[in-house]
Amino acid sequence: MTVKNKVIIVTGASSGIGLASAKLLSREGARVALVSRSREKLENLASLLPNSFAVPADMSVVTEIKSLVQKVYDHFHKIDILVNNAGRGYAASVEKIDIAKYNQLFNLNVIGPLVAMQTVIPIMRSGGGGCIINISSGTSLMHLPNLEAYASTKRVINGISLTAREELAKDKINVSVVYPYITNTNFGQNMIGEEIRSSSINNQNTKLPPGDAPEYVAEKILEAITCEKPEIYAHEWMGNRLSN
Ligand SMILES: NC(=O)c1ccc[n+]([C@@H]2O[C@H](COP(=O)([O-])OP(=O)(O)OC[C@H]3O[C@@H](n4cnc5c(N)ncnc54)[C@H](OP(=O)(O)O)[C@@H]3O)[C@@H](O)[C@H]2O)c1
């Protein structure tokens, strides 16, 4: 799908990958609905991006998600594309996963994107089609110590996305998953699990290649929208992890 003149919801648009994506999609001529909890940041951004619309909402609260979709529809009278990007990490060993925190993470990383999909699907179907991009993580393709709580939420998103893709093809609604690699955003600081987060995803002692700029991942999201492939990796080598 092309993005020019399309109405696109970008969740997590106040920072990192979502912010870079909102800017890129706007430059490409889209009308972008900017979603996150930070009203002021979104309103400032909306003042810079032509035809954009700030819609503050907590993506872990079902009623707020339904309400934000309705506000976007009332404002633009259609929704063409949803980029489900808002998310957080959580660092804890399996033994120490705190169930309350895991529930909180699951609500944001899984239930939020799922409810957003369920709410936009009938709108897209009645509009003749659409596109849903779900942001996963390279960690969902691996088994990294201290990151399983987070990775498991992204594995659920992978499954939901690829199954919905099969179910919605008849409605001309394309669903794709984008797998970022380590990306230089505030993700590390925003992770739950103070005690070990600094030694997990941001480990300076590993031999992993350096992280990507959020603008690089935004290009991958644009590519996912336009090429309509099921899965887009920040780097091709990440795809090989699936068969290893
Ligand atoms: N950075 C990485 O290394 C990396 C790697 C793989 C995948 N990812 C994925 O990429 C996505 C974006 O992460 P990022 O790296 O850009 O992190 P980030 O800089 O921390 O941005 C996260 C965004 O999500 C929003 N958000 C957090 N909680 C929210 C809530 N309850 N309701 C609504 N919005 C909420 C934040 O806005 P507010 O605080 O204003 O609500 C912010 O805009 C996430 O799904 C993450 O899992 C990141």
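Modeller: Helix α3 (residues 62-76) and helix α4 (residues 99-126) pack at an angle of about 35°, and their axes are 9 Å apart; helices are DSSP runs of H or I, at least four residues, and axes are lines fitted to C-alpha atoms over the stretch in contact, with angles from 0 to 180 degrees between N-to-C directions. This is a predicted model, in which local features need pLDDT of at least 70 and side-chain atom pairs count only at pLDDT 80 or more, while totals for chains, interfaces and linings use all residues. Numbering starts from 1 along each chain as its sequence is written, and side-chain values use heavy atoms, without hydrogens or water.

From α3, the residues V62, I65, K66, V69 and Y73 meet I111, G112, V115, A116, T119, V120 and I123 of α4 (contact means heavy atoms within 4.5 Å). By class, this contact has 9 nonpolar, 2 polar and 1 charged residues; Gly counts as polar and Tyr as nonpolar.

Helix α2 (residues 39-48) has L42, L45 and A46 buried, buried being under 20% relative accessible area and exposed over 50%, with a 1.4 Å probe and protein chains only. These buried residues line one face of α2, because they fall within an arc of 105° seen down its axis, taken from the directions from the axis to the C-beta atoms. E40, S47 and L48, on the other side of α2, are exposed. The cover over the buried residues of α2 includes α1, β2 (31-35) and β3 (53-54); strands are DSSP runs of E, at least two residues.

In α1 (residues 16-27) lies S26, which counts as buried because its relative accessibility is 12%. Leaving aside residues up to four places away in sequence, S26 touches V32, L49 and P50.
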